[in-house]
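Dear colleague,

Please find below the structure for your review. My notes on it follow directly after.

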Amino acid sequence: MVTEVVNTQELQKVDPVFGQMSFDNHEQIVFCNDKDTGLKAIIGIHNTVLGPALGGTRMWQYTSEWEALNDVLRLSRGMTFKSAITGLNLGGGKAVIIGDAKTQKTPELMKRFGEFVHSLSGKYITAEDIGMTTGDMDLVRSVTPYVTGISETLGGAGNPSPITAYGVFMGMKAASKYAFGTDVLEDKVVYVQGIGNVGEALVENLTNEGAKVYITDINQERLEEVRDKYSATIYEGDNIYAEEMDIYAPCALGATVNDQTINQLKAKVIAGAANNQLAEEQKHGLQLRERGIVYAPDFLINAGGIINVYAELENYGRQEIIRKTENIYNTTLEILKNAESKDVTTHQAAFDMANARIAARKEKM
């Protein structure tokens with residue numbers, strides 16, 4: 001009998017899947033490999049109590065297969081709670097393709113990936129994520145119906161990024177209402193980290209409201225393009241976390257709120273589009289609470305995209321998409337108030353609300 005505690009680095013060697021914290025009782029993990037196209041992908045299906053697992057496909061040049069596996073598990077788990085807290089009859093799933101989307105993605109690879117999705121018979125429905133486009137989803141659609149976020153010309157809801165950004169904007173306004181006593185963002189200093197499709201759309205919303213927007217990204221050309229388009233200010237420093245600001249909006253990859261950054265943060269509000277912003281949910285959620293920083297849970301306020309693609313499954317129109325997305329404002333305020341009254345972190349309050357809906361459905365099954 002083994003009695004000693006195994007640290008996380010050793011854990012990944014002896015128990016690489018079931019032993020992960022991010023595994024969290026996933027129902028199914030599918031490893032997809034195709035020599036001819038070079039496809040190496042992982043599909044994570046976390047929970048299907050509320051419905052089929054819907055979540056986007058991300059293509060990224062991971063440093064290791066371990067990193068890819070951990071990412072897909074964290075992301076698919078987050079999708080479970082995102083759908084649940086938003087009131088959608090969907091479970092949580094996600095897929096990652098290992099590779100450089102700019103140089104290794106081909107139509108053949110996307111179609112082969114679609115065939116793997118199809119083999120799951122609708123238990124997992126894919127969509128667009130980082131490294132993917134609406135055109136890629138159209139290719140997947142050519143081999144399987146289990147895909148959303150396709151072109152409007154094919155009957156889809158189109159690019160989900162603007163709606164995702166609008167939901168983040170609504171959540172940010174709610175968090176500002178809670179933190180500052182007003183949801184008017186005019187003259188608020190907002191740092192947007194990551195200027196992809198969602199980040200740019202968020203910059204547009206903030207600019208229209210009169211916020212003072214600073215932007216940062218690894219792509220200098222992209223920064224200059226967004227600066228010129230919206231008159232945003234490119235951040236030229238080397239430590240965004242230590243800058244004076246009202247709102248920090250992480251819109252790139254996750255885990256930017258971590259042991260190295262959390263004590264440097266001077267923002268009063270964290271509200272962004274990135275998934276899994278807290279490197280360690282309990283630990284860093286508590287530290288934010290202790291420091292008086294209002295954190296709008298990412299899996300709640302970035303749900304606009306899934307609301308958009310869910311419209312393709314439920315056949316509701318643009319007006320209902322906007323209504324559901326704007327309701328993120330109300331839910332965010334409710335979560336923030338619940339966290340205060342129950343003396344828990346905002347992440348925990350959101351997690352509890354999502355789990356309550358899943359548990360209620362389980363009782364009826």
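I begin with Asp343, which lies in the loop between α11 (318-342) and α12 and counts as exposed because its relative accessibility is 53%. Here, buried means under 20% relative accessible area, exposed over 50%, and partly exposed in between, with a 1.4 Å probe and protein chains only. Although Asp343 is not a glycine, it has a positive phi of about 60 degrees.

The model is predicted: local features need pLDDT of at least 70, side-chain atom pairs count only at pLDDT 80 or more, and totals for chains, interfaces and linings use all residues. Residues are numbered from 1 along each chain as its sequence is written, and side-chain values use heavy atoms, with hydrogens and water left out. Helices (H or I, at least four residues) and strands (E, at least two) are DSSP runs, numbered from the N terminus.

A positive phi, near 55 degrees, is also found at Ser121, again a residue other than glycine. Ser121 sits in the loop between α3 and β6 (124-125) and, at 57% relative accessibility, counts as exposed.

Aromatic pairs

The structure holds six aromatic pairs. Rings of Phe, Tyr and Trp (its six-membered ring) pair if their centres lie within 6.5 Å; planes under 30 degrees apart count as stacked, over 60 as edge-to-face and the rest as tilted. One of the pairs is formed by Phe81 and Phe351, edge-to-face, at 4.7 Å centre to centre and 70 degrees between the planes. Phe81 belongs to helix α2 (residues 65-86) and Phe351 to helix α12 (residues 346-364), so this pair ties together parts that are 270 residues apart in sequence. Both Phe81 and Phe351 are buried. Another pair, Tyr191 with Tyr214, is stacked, at 4.7 Å centre to centre and 5 degrees between the planes. Tyr191 is in strand β7 (residues 189-193) and Tyr214 in strand β8 (residues 212-216), 23 residues apart. Tyr191 counts as buried at 5% relative accessibility, whereas Tyr214, at 28%, counts as partly exposed. Phe81, Phe299 and Phe351 form one aromatic cluster.

Packing of α6 and α7

Helix α6 (residues 197-209) packs with helix α7 (residues 220-230) at an angle of about 25 degrees, their axes being 11 Å apart. Axes are lines fitted to C-alpha atoms, for helices over the stretch in contact, and angles run from 0 to 180 degrees between N-to-C directions. The angle makes α6 roughly parallel to α7; angles under 35 degrees count as roughly parallel, over 145 as roughly antiparallel, 65 to 115 as roughly perpendicular and the rest as oblique. On the α6 side, the contact (heavy atoms within 4.5 Å) is made by Asn197, Glu200, Val203, Glu204 and Thr207, and on the α7 side by Arg222, Val226, Lys229 and Tyr230.

Two further sites

Thr134 is found in helix α4 (residues 134-141) and, at 16% relative accessibility, counts as buried. Leaving aside neighbours within four places in sequence, Thr134 is in contact with Glu128, Gly149, Ile150, Ser151, Gly158 and Asn159. What covers the buried residues of α4 includes α3 (107-118).

Ala252 is placed in the loop between β10 (247-250) and β11 (269-270) and is partly exposed, with a relative accessible area of 37%. Not counting residues up to four places away in sequence, Ala252 touches Gln193, Gly194 and Ala274.

With kind regards
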